[in-house]
Structure formats: C-alpha cells, structure tokens
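Hi,

Here is the structure I promised to pass on. Have a look at it first, and then read my notes below.

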Amino acid sequence: MSNESPSHERKSPEPEEKLERRRSTQEEPEKAEKTSSRRTESDEKDRRRPRDDKKNGRSGDSQRHHERDRKRKDRSRSRTRSRSPKRSKRDRKEDKADQDEEDGEIRDTTPPVVEKPRELTARELERQRVIEEELKSGRLDEDCDEPVWSMKKAQAEKKSRTCPYLDTIDRSVLDFDFEKQCSVSLSHQNVYACMVCGKYFQGRGTNTHAYTHALETDHHVFLNLQTLKFYCLPDNYEVVDPSLEDIKYVLKPTYTKEMIAAIDQQARMVRAYDDSTYFPGVVGLNNIKANDYCNVILHALSAVRPLRNWFLNEKNYLAIKRPPGDKLTLLPQRFGELIRKLWNPRALRTHVSPHEMLQAVVVCSKKRFQFIKQNDAHEFLAFLLDTLHRALNGKEDRQTIISKTFRGRMREYSRKVIPAEDTEEDRYIKERMPEYQPTIKETPFNFLTLDLPAAPLYRDVQLQNIIPQVPLSTLLEKFDGRTEKEYRTYNDNIMKRYELLKLPEFLIISYKRFQKNQWFVEKNPTIVNFPIANVDLYECLAPDVRAEHTYTTYDLVANVVHEGTFEEGNYRIQIVHQGSGKWFELEDLHVKDMLPQMIVLAESYIQIWRLNKEKTRDERQDDDGETPMESS
C-alpha cells in the first residue's frame, strides 16, 4: 500500500489572502444576523415605548425629541474631547515641514540684512527737538505713546506727533475768508475745516458732520476754526506738528510791535504759496457781485498808517465791552481781521475775500449797504467811519482811533438871504430880526466835500462834449474864510463860508460828482488837476490859529476813481506803497503798477491825504523859493 492519500483527499496549500477572504465572507452573515437582531430589538423597544409613555403619562414625540437632544449633546462632547488645539497645530507644523522637505525646497538660513537708518528730515528733527524740550521741562509725560481706547472727551486730549495723514493736506484749496459755518447744518458753533478739500463741518464726535465726512471721503485732518487745534478723524486725536504753523497764521495772523514798526520799511516783494509775488497791503479784494464800492474804501482805510497799526494789534479792540445783544460789536472785529489779512506777509494767495466784513456791514447797516447792489462809495465811507467810532465806545467828548486820525474842526459863518422881491420896508424889518443875523459855530468834520463846477450844456466847434478841468487850489477856496456860497433849502436861501481851525493827521477830500434829481442820478465828469505831494492848506486856516500849525502840507496816499454812470459804473483805487514808493492801481482782483503822472487823468472821487511832518512850510519855501502848491 502506498502512503499517499487519494487525489480528492489531497489539499493544496492556499495563500493567506484567500483564507482572509473566506473568513470575511463567513463573518459577514454573522454580523448581518447580529445587526438585524439589534434592529428588531430596537424596533420592539420603539413599539413598546409608546405604551410605556402612555402609562407614565408622557407622549412619544416629546420622548423622541428628548432622546435626540441627548444624542446631540453626546456627539458635541465627544468632538470637544477629541480636539486638541495645541497638538493639531504642532502636527500641522510638522506636516508642513515634512511636506517642504519632500518637495525639495531649500530653506534660506542666511541672516537678514540690517538696513542702515535713514537720515531724518528737517521736520522730524524739529519735532524731536520739541519733544526733548518738553520732556526736560516736564510738560510732556514719557508715556505719551500709550494708545487711547476711549472716545470720551476727545480721548482725554491725547496728542499725536506722528500723524500719517499730514501729506494729504492741500494748501491750495484752503480759504478762511468766508463765513465760518457748517456747510451741512449752517451752524456757527464748533466748526472744523477739512484740510484736504477746504469745506467746513460741525463737530468731531461720532455722530457729527465732520466725523461722517472723514469716513465717507477718507479725509482725516481737520482744524478747529476757533481754538486753532488740528485733529485727526475718525481716530479723534490732536495733531501737533511744526509744519502746520503756516496754516494757523493764515487763519489768524498776529503781529508784534516790532513787525508793526517795520511794516512800512518792506521794500521787497514776498512770495505766496502759489508761487506769485506781492507787496503786503497791495493785494486784490474779491468782488462777490457788486461790492466794488466797498472794496475801494476798505483799501483806502488800510493805507492809513495809524489806523492800520491800531487794528493790526488785536488786543486793542478784542476786549471792548458793548451792551448785550449789540450788533456793533461785530464790526470792529471783522474790520480788524480784514486788515490783518491784507497785510499778511505769509499768505497762501495774493487776494483776500471780504465776505465776513461785508456780512457785518449788512447787519450793522440794516441792509442799507449790500454787496449785491451798487451804492455810493462816499456814503459808505461816512457810514463806516461813524459806525466804527460808535462801536469803539466813542462819543463827542471821547476820542477813538477814528477821531484821532481823521477828525478836524472848522468854523462856519452863515446868514439868511433876504428875498429880492421884498420892499425896502420889509428888508429893513428883516435885517433886525434874530433869524436874519449872521451866526458863527464851530463843528467837527471827518472829511471835506468840494463842489465841482457845472458841466457845459453845449458842444464845442468840433461837435464834441467839452470836459472841463479845474485845479484843486480853486476848489479849496471854499474854506479860505472869504468865499461865500449860496445853499438853497425848501423855504430859504443861506449864504455860508468856512475856514479851518484844526488840520487832521489824515485829510479825506470828497468831490461832489453825483447829484440826484427827480428821475435819475446825474454825474459831473469834471477833471480835477492836483499834485500828488505838497498841497498846502495854510490859506484855509483861520488867521487866529495859523501860528499853532507848524505843518500844513499834505501828500496823497489813496485816490478812489469812478468810471461810467452811477448804476452801471465801477470803482477802482490808486494807492502808494510806502516801502517801495511805487503806485499801484487795484480794481477788485486785478493789481498793476502805474506811473504817478497817470493819476490826475482819471475822474477822482475820494482822496486821502497824509500830513507831511518832515519839513515845515517855511523850510519848504526856502528850498523851493515858492509856495508848495505853485511848485507842484
């Protein structure tokens, strides 16, 4: 017998994979039976649960919801337990490092290059110097760089010296001449100016117009027009930087006594921000609509040295007390602000807008003088001088800078004329009546009005209108104390003659060019021939006061000219710059130099003369050998 088993009993060795498959196939039915048995058991429990719930007094739906919530909580707990932030973060770093090594990246192990510190600019050096000085003096805490986390009270007024938005300031659009009111709410309280677009907005809190403007337009630097402090919005911190001083000076120019004393010695032109040159005091005034009659008077008064020097110092009129609610308080402040801007040596542009001054004129004159309607420059001058005198608490016995500069005194002789149709008996009776007796009275004056001769009614041989000419010496005979002129009233005719008792330091002369009739305002085009220097008023003084006046000659300072008709004409002014001695003609925004010989060719309306105190009348006669009027 052989030891080998039959072929059907032989078993060839099977690989391990087949054995595993067979085991899995054998285990699958067993698992399926177990899961099916579990499902049947769970179904049976679910079937029994409603019965148990009915017995226990609970509904099946509520129990199912309760079970779902319990399972959800169990899942969340298991998830939170399985999480490990530190481990997962570390694992992610290791996986990333392994991935980098697998990708073949080469890490840069060279040390970083240390850059050389850049050189500080002049502004940064100045800022550093200011900070060191304040630290030494104890005015600034060392922990000033602490962040501010609250918005209350402007974040406790924390100041920042490293504002990143200073380069966004556009000085070409800044204009502080207009009325300082919010462009949205039209309020005058707590107004801020945007340094990027130049518009005015109210407030800087979270619900204000300036804050909203900063968020919408990405404009960040604002200036408080009252406190002159810069703020960065919406961060709401104060900005302190020396480079912003020129903007503050444009908004509110200030002058020391040394600057005021040397202002007439400025013989060189200064340069504005727009790269144009100008002489301080000889800048254009914006014509809003029809305010050229105001501009020429404002320019003429700004050329008067004592008046200008007094208003350049803001302390002289800032503390003047007026009754509560008095509108005249506004006029000297606005006039002084305009004078300071006209003589600003650090202006951004070569013109100034008198908008705020004209607003004060409209209010104080009760809309008599407006900048939307043409008016008489002589009437505006009289109103402005009288109102400024009263606003500065001036009275007849109390002098102000207005009365000290322009006020003189004259003596007036007047007598009533007896009608020619009266009989001898009536004339004899009226000559002895008190009202027909000559009267003498002394009155003060701020300006002298000279009467022009009447224009001819007919044309000359060439069929052209004759424009008469008259010398100034002929017109001044009105005040020599001998020449009488008849003045007609509604009932009577009065003969008057004048003589001067006191000469003012600055004499204002007005030529009577306009005369109103029943239909329109008629203009007299007579040309006045006058010298621009050495006009002597010695003959106009009363004989009993001539010895009291050492100086009697005047030099021209400003000349106001009118062209055209009263309704459609325009004004311009010719002034002299004391530092350079040059004459300039200003017509609104247009400024040009001119020859002094061209001044007498225009139709002069108002003139301002300065009393020359360099030489007496006798010294001038010795030098010239003749009277000053004749030599001119």
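This is a predicted model: local features need pLDDT of at least 70, side-chain atom pairs count only at pLDDT 80 or more; totals for chains, interfaces and linings use all residues.

Residues are numbered from 1 along each chain as its sequence is written, and side-chain values use heavy atoms, with hydrogens and water left out.

Now the charged pairs. Side chains of opposite charge can pair when their charged atoms come close. A salt bridge here is a side-chain nitrogen of Lys or Arg within 4 Å of a carboxyl oxygen of Asp or Glu. Searching the whole structure turns up 32 of them.

One joins D326 and R322, at 2.6 Å from N to O. D326 counts as partly exposed because its relative accessibility is 24%, and R322 is also partly exposed at 24%.

Another pairs D544 with R411 at 3.3 Å, N to O. This one links distant parts of the chain, 133 residues apart: D544 is in the loop between strand 21 (535-536) and strand 22 (553-563), and R411 is in strand 11 (residues 408-416). Helices (H or I, at least four residues) and strands (E, at least two) are DSSP runs, numbered from the N terminus. R411 is buried, at 14% relative accessibility.

Then there's E435 with K416, 3.7 Å from N to O. E435 sits in the loop between helix 16 (424-431) and strand 12 (439-445) while K416 belongs to strand 11, so the pair ties together parts 19 residues apart in sequence. E435 is partly exposed at 43%, whereas K416 is buried at 18%.

Salt bridges with shared partners also connect D177, K180, E337, K341 and E356 into one network.

Eleven of the 13 are buried, so helix 12 is largely enclosed by the rest of the structure. Among the buried ones are F335, E337 and K341.

Finally, find L601 in the loop between strand 25 (590-594) and strand 26 (604-611). L601 counts as exposed because its relative accessible area is 56%.

Enjoy exploring!

Methods:
Buried means under 20% relative accessible area, exposed over 50%, partly exposed in between (1.4 Å probe, protein chains only).
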